[in-house]
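Hi,

Here is the structure I promised to pass on. My notes on the ligand and its surroundings follow below.

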Amino acid sequence: MSRLDSFIRRLTAQRDILNAIVALVNGTEGPVLEFGLGNGRTYDHLREHFPDRRIIAFDREVRSYSSSTPPAENMVTGDIRKSGQAFVGIGAALAHADIGTGHDEIDAITLTWLPQLMVGVLARDGIAVSGLPLERPELEPLPLPAGVKEGRYFLYRRT
Ligand code: SAM
C-alpha cells in the first residue's frame, strides 16, 4: 500500500470513529479535549458534532486555519506532556489524541505518558479516540465501526 493510500485510510478511520461515537459521548457530561490541533481539521469536525460542548485544543503552537482556531480560553499551547497535567481531573466526555508521528522512536516516547494522561483527563465512561494505541487497564477497547481495520485508529471507554 502506498503512503498516500495509508494516509487516506487513516483519515477515513479517524472520521468514521469520530462520527460513530457521538451518541456515546452525549451520554456523558464534560468537555471535549483535542490533543494535537494541527491545522484544525478534526477540531472543526468535533465542533460540528458537539456544538454545545466546550472543546479545548492543545498543540505546541497555534498553526491552524484561522476559521478552525479555538478562542484563546480554549487553546493551550506548549508540550502536551506538561500542559495536559493541569487538566487531569477535568472529567472530559471525549479526549481525541492525534499526535502520532509515524516515527516509531518518537511515538514510543509519547506512549510513555499519553495513556496515563488520557485516563487522567477522562470522566468515567468518557471516550478516548487515538491514533496511537493506549494500553491501560482503565481503558476498555470498544468495537470499531464497520470498515475500520483493527490497528488503524484506536477507540476506548474509560472504566
Ligand atoms: N488532528 C489534526 C487535524 O485534523 O488537523 C492534525 C494533528 S497533527 C497530525 C499532530 C499535531 O500534534 C501537530 O500539530 C503537532 O504539533 C502536535 N503535537 C504532537 N505532539 C505534541 C506534543 N507532545 N505537545 C504538543 N503538541 C504536539
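How much space lies in the largest pocket? About 1,100 Å³, where the volume is the space filled by probe spheres set on grid points joined across faces, edges and corners. A pocket here is an open set of points on a 1 Å grid over the protein atoms alone, where a 1.4 Å probe fits, with protein on both sides within 12 Å along at least five of seven lines; lining residues have an atom within 4 Å of a point.

Before the details: this is a predicted model, in which local features need pLDDT of at least 70 and side-chain atom pairs pLDDT 80 or more, while totals for chains, interfaces and linings use all residues. Residues are numbered from 1 along each chain as its sequence is written, and side-chain values use heavy atoms, without hydrogens and water.

The lining of the largest pocket has 34 residues, with Arg10, Asp98, Ile99, Gly100 and Thr101 nearest the centre. Helix 1 gives the largest share, 8 residues (helices are DSSP runs of H or I, at least four residues, numbered from the N terminus).

The ligand sits in this largest pocket, meaning that more than half of its atoms lie within 2 Å of the grid points. Around the ligand are 16 residues (a heavy atom within 4 Å), and Thr42, Asp59, Asp79, Ile80 and Asp98 are the closest.

Two polar contacts (N or O pairs within 3.5 Å) may interest you:

- Asp98: a polar side-chain atom is 2.8 Å from a ligand nitrogen.
- Arg41: a backbone N or O atom is 3.1 Å from a ligand oxygen.

Best wishes

How values were computed: A polar contact is a pair of N or O atoms within 3.5 Å; within protein, one must be able to donate a hydrogen and the other to accept it, and residues adjacent in sequence count only if both atoms are side-chain atoms. Helices (H or I, at least four residues) and strands (E, at least two) are DSSP runs, numbered from the N terminus.
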